[in-house]
Amino acid sequence: MAALRGADEMRDRVVLGEFGVRNVHTTDFPGNYPGYDDAWDQQRFEEAFRVDVIREEGDSLEFDMVGIDAAIANAFRRILLAEVPTMAVEKVFVYNNTSIVQDEILAHRLGLIPIRADPRLFEYRNQGDQEGTEIDTLQFQLKIKCSRNPQAAKESSDPDELYCNHKVYSKHMTWVPLGNQTDLFPDADFRPVHDDILIALLRPGQEIDVLMHCVKGIGKDHAKFSPVATASYRLLPDITLLKPIEDEAAETLQKCFSPGVIEIQNIKGKKVARVANARLDTFSREVFRHEGLKNLVRLARVRNHYIFSVESTGILPPDVLVSEAIKILMGKCQRFLNELDSVPME
Amino acid sequence: MAGSGDRTALETIQADGTDGNCVTFVLHDEDHTLGNSLRYMVMKNPDVEFCGYCITHPSESKINFRIQTRGALPAVEPFRKGLNDLMAVCQHVLSTFERSMKEYRAQREEEMQ
């Protein structure tokens, strides 16, 4: 495949050179390229835009967004990380903590536990409200006491045998309904997402008795509120062979890229390299370390093809998170449109 | 955490003597998320001569968003158009994404049977 014409390459590809990256910024604004009409056209955008879902497995989702600009794709990524709300433990009322874990460390650990509660059912707490109402707070209790196991063998040194309740897991957190929450959420089962998160270790005589309040918050405030394990994107790789590469050079070329990217075909007895699936490559740029190969390959990325990977912590499914993120960006625009309409501009 | 209280979310700064062509909008409680995407949409408008944004100080969460237009067009117009265009883009992305998810799930159901 021949390399693109100069202007097309500048517009559509980010080129990875040996020592630097070229054409990084978006330049397709009106007036930059003579002969191109770059003004915003919603219809042209809608025709070219598509979303392809590649894989959805449990809490992780991989999908492609094609035909959109970096600014907007990045806005979605930033919102997924920091502005989609969730419920997490905010206030911990410590009634008794004789364990070796300090109060504040215990409270910090409890805050980081993901809580399976749909944040859309709750409101934000009003600023300055210390107690919380049933529409903005979830209450959990963790009450556990470690004791010696009377049935343990005399010479045993295994803590699992010697002691009862010596490991405090997130499954020991129980939901305590506030006010009319049992009526508001009759089928709800509010608990941590994972049952086997180890919170603290105890020995006989030590106990933990705390009451926790969960509130709704966003990742910008504290990372415990972030709903994604991570959300990231990469651009689709585009590998072009500028000249035919054969025999030994083809073998070397295949080793320079991730497995599956370059395939070697047998044409008329000679081994010829061909780009099979550029998407799999991670661009280690190993090919630039080989003098004979570095001028025969062009490494680039397609500027408007984003491969998103969203992994949720389990509170909400990843596709719901992406939908919520898009709605939040719409909400931001709406907020300023309302401001513009409400205040008469002089 | 969620509300901004009595403070308005949007202020306008305009130099004396100009007639609305070049205006700096101060957007409170915003950062690169809205700033960069809105800047892209406003730059796609051929009537806009200059559009840029900056975060005045990393400790304050507000951005200065400046628009200068060609001719006599008031700067509020490209700003409003940019917001509307960005809303339309998000709407289309949302519906396309939800449709693709539905198709993917339907296809997986078929393959499982």
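**Figure 1. Close-up of T26(A) and its contacts.** T26(A) touches D69(A), R303(A) and Y40(B), leaving aside residues up to four places away in sequence. The model shown here and in the other views is predicted. T26(A) sits in a loop of chain A, between β2 (21–22) and α2 (42–48). P317(A) is 291 residues from T26(A) along the chain. The C-alpha atoms of these two residues are separated by 32 Å.

**Figure 2. Helix α3 of chain A against helix α1 of chain B.** The crossing of α3(A) past α1(B) is left-handed. From α3(A), the contact has A71(A), I72(A), A75(A), R78(A) and I79(A). They meet H32(B), T33(B), N36(B), S37(B), Y40(B) and M41(B) of α1(B). By class, the residues of this contact are six nonpolar, four polar and one charged. Y40(B), named here in α1(B), is also one of the residues that T26(A) touches.

**Figure 3. Helix α8 of chain A across helix α1 of chain B.** Helix α8(A) spans residues 318–342. Its axis and that of α1(B) are 11 Å apart, at an angle of about 75°. Angles of 65 to 115 degrees count as roughly perpendicular, and therefore α8(A) and α1(B) are roughly perpendicular to each other. L329(A), K332(A), C333(A) and F336(A) represent α8(A) in this contact. Facing them in α1(B) are T33(B), L34(B) and S37(B). Four residues of the contact are nonpolar, two are polar and one is charged. T33(B) and S37(B) meet α8(A) here, and they also meet α3(A).

**Figure 4. Helix α8 of chain A along helix α2 of chain B.** Helix α2(B) runs over residues 76–112. It packs with α8(A) at an angle of about 160°, the axes being 9 Å apart. The two helices are therefore roughly antiparallel to each other. α8(A) passes α2(B) in a left-handed crossing. This contact has 18 nonpolar, four polar and six charged residues.

**Figure 5. The two domains of chain A.** Domain 1 of chain A is built from two stretches, 8–82 and 231–308. Domain 2 of chain A takes in 86–225. Their C-alpha centres lie 46 Å apart.

**Figure 6. Regions annotated in UniProt.** For chain A, the UniProt record (unreviewed entry) lists "domain: DNA-directed RNA polymerase RpoA/D/Rpb3-type" at residues 60–339. Over this range, chain A is 22% helix and 35% strand. The end C-alpha atoms of the range are 37 Å apart. For chain B, UniProt (unreviewed entry) places "domain: DNA-directed RNA polymerase RBP11-like dimerisation" at residues 22–95. That stretch of chain B is 43% helix and 31% strand. Its end C-alpha atoms are 35 Å apart.

Notes: Residues numbered from 1 in each chain as written. Chains lettered and ligands numbered in written order. Predicted model: local features only at pLDDT ≥ 70, side-chain atom pairs only at ≥ 80, totals over all residues. Heavy atoms only, no water. Left-handed = near helix turned anticlockwise from the far one by under 90°. Helix = DSSP H or I, 4+ residues; strand = E, 2+ residues; numbered from the N terminus. Contact = heavy atoms within 4.5 Å. Nonpolar A, V, L, I, M, F, W, Y, C, P; charged D, E, K, R; others polar. Domains from an automatic or database assignment. UniProt positions renumbered as here; feature names shortened; annotations may be inferred. Axes fitted to C-alpha atoms, helices over the stretch in contact; angles between N-to-C directions. Parallel < 35°, antiparallel > 145°, perpendicular 65-115°, else oblique.
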